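This briefing covers one protein chain, topic by topic. Please keep the sequence and the structure open while reading.

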Amino acid sequence: MEIGDLVECKHGAEWQNNHQHSDRVKARKLGRKQDTFVGNAAAYMHRDEAYVVEAITETGGLKFRGFASPVSPSDVQTSTKPVYR
């Protein structure tokens, strides 16, 4: 992936729901608010839109326009969906 590429989450709704559920469980164990804990950021990507890669972190994570957390490149694929953010 390079800066400017359009990408989308390559996983389906079931995968995202499973990761969101495990994040809620981990947040409770850590005593944190559920909305502030993100384990796998790709689980929170919208599936009906593409994201624009704005930056690549030192560890290889991808930063998207309009999306706060870095996402692993192994969880995304190139996209032809419309860009909403």
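Two strands count as paired if DSSP finds at least two bridges between them. In that sense L6 stands opposite V52 in strand 2. The model is predicted.

- As a general point, the strands of a sheet pair through backbone hydrogen bonds, either parallel or antiparallel.

**Strand 1 and its two partners**

- Strand 1 covers residues 6–9.
- Strand 1 is joined to strand 2 by 2 bridges, and the two run antiparallel.
- V7 has Y51 as its bridge partner in strand 2, while L6 faces V52 of that strand.
- Strand 1 is also joined to strand 5, by 3 bridges, again antiparallel.

- Strand 2 (residues 51–56) pairs with strand 3 over 3 bridges in the antiparallel sense.
- Across this pair, V53 stands opposite F64, and I56 stands opposite L62.
- Strand 2 and strand 3 make a hairpin with 5 residues between them.
- In the turn of that hairpin, G60 has a positive phi of about 95°.
- Strand 3 (residues 62–64) and strand 4 (residues 67–71) run antiparallel and are joined by 2 bridges.
- L62, which faces I56, also stands opposite V71 in strand 4.
- The hairpin of strand 3 and strand 4 has 2 residues between the strands, and G66 in this hairpin takes a positive phi near 80°.

**The salt bridge**

- The structure holds 1 salt bridge.
- The salt bridge is formed by the side chains of E8 and K81, at 3.2 Å from N to O.
- E8 belongs to strand 1 and K81 to the segment after strand 5, so the pair ties together parts that are 73 residues apart in sequence.
- E8 is buried because its relative accessible area, 10%, is under the 20% cut-off.
- K81 is partly exposed, with a relative accessible area of 28%.

**D23, a buried charge without a salt bridge**

- D23 sits in helix 1 (residues 13–30).
- D23 is buried and has no salt bridge.
- The nearest side chain of opposite charge is K26, 4.7 Å away; the pair does not count as a salt bridge because the cut-off is 4 Å.
- A polar atom of the D23 side chain lies 2.9 Å from the backbone nitrogen of G39.
- Beyond four places in sequence, D23 is in contact with F37, V38, G39, N40 and Y44.

- N40 is found in the loop between helix 1 and strand 2.
- The side chains of N40 and D75 are joined by a polar contact of 3.4 Å.
- Setting aside residues up to four places away in sequence, N40 touches W15, H19, D23 and D75.

**M45, a buried loop residue**

- M45 is also located in the loop between helix 1 and strand 2.
- With a relative accessible area of 3%, M45 is buried.
- M45 and R65 are 20 residues apart in sequence, and their C-alpha atoms are 12 Å apart in space.

How values were computed: Residues are numbered from 1 along each chain as its sequence is written. This is a predicted model: local features need pLDDT of at least 70, side-chain atom pairs count only at pLDDT 80 or more; totals for chains, interfaces and linings use all residues. Side-chain values use heavy atoms; hydrogens and water are left out. Helices (H or I, at least four residues) and strands (E, at least two) are DSSP runs, numbered from the N terminus. Buried means under 20% relative accessible area, exposed over 50%, partly exposed in between (1.4 Å probe, protein chains only). Lys and Arg count as positive and Asp and Glu as negative; His and the chain ends are not counted. A polar contact is a pair of N or O atoms within 3.5 Å; within protein, one must be able to donate a hydrogen and the other to accept it, and residues adjacent in sequence count only if both atoms are side-chain atoms. Contact means heavy atoms within 4.5 Å.
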